[in-house]
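Take a look at the chain below.

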Amino acid sequence: MDKSITSQAFPNEYNYGISKRDYFAAHAMQGMLAACVGWTEQEQKRLAKCSYMMADQMLIERESDE
């Protein structure tokens with residue numbers, strides 16, 4: 001199993017797929033957004049940044065879990 005931070009999720013013969021970082025960030029954001037309504041633009045930017053921070057940590061943990 002490829003545990004590289006730069007590896008792709010769901011690649012096929014037509015494209016390389018979404019990066020695992022983007023995939024993890026999207027799911028982290030989805031969970032955080034479930035409880036949010038009416039956020040300001042500043043709060044949305046903070047959420048996006050936090051989602052990528054969570055994705056980065058998930059990738060680090062994934063690589064260390066050998």
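Predicted model: local features only at pLDDT ≥ 70, side-chain atom pairs only at ≥ 80, totals over all residues.

Residues are numbered from 1 along each chain as its sequence is written, and side-chain values use heavy atoms, with hydrogens and water left out.

Start with the overall plan. The chain holds 2 helices and 2 strands. Helices (H or I, at least four residues) and strands (E, at least two) are DSSP runs, numbered from the N terminus. Their order along the sequence is β-β-α-α.

Now consider the surface. The chain has 66 residues, and 18% of them are buried. Buried means under 20% relative accessible area, exposed means over 50%, and partly exposed lies in between (1.4 Å probe, protein chains only). The accessible surface of the chain is about 5200 Å², and carbon and sulfur atoms supply 57% of this surface. These areas come from the Shrake-Rupley method with a 1.4 Å probe; for residues, only the protein chains shown count as cover.

Next come the contacts, meaning heavy atoms within 4.5 Å. Among contacts in the chain with a separation of 6 or more, 48% join residues 24 or more positions apart.

How do the axes of H1 and H2 cross? Helix H1 covers residues 20-33, and helix H2 covers residues 41-64. Their axes come within 8 Å and cross at roughly 125°. Axes are lines fitted to C-alpha atoms, for helices over the stretch in contact, and angles run from 0 to 180 degrees between N-to-C directions. H1 and H2 are therefore oblique to each other. Angles under 35 degrees count as roughly parallel, over 145 as roughly antiparallel, 65 to 115 as roughly perpendicular, and the rest as oblique.

Which residues meet? From H1 they include Phe24, Ala25 and Ala28; from H2 they include Ser51, Ala55 and Leu59.

Zoom in on Ala55, which lies in helix H2. Ala55 is buried, with a relative accessible area of 0%. Beyond its neighbours within four places in sequence, Ala55 is in contact with Arg21, Phe24 and Ala25. The C-alpha atoms of Ala55 and Ala28 are 7.1 Å apart, although 27 residues separate them along the chain.

Ser51 also lies in helix H2. Is Ser51 buried or exposed? Ser51 is buried, at 0% relative accessibility. Neighbours within four places aside, Ser51 is in contact with Ala25, Ala28, Met29 and Met32.
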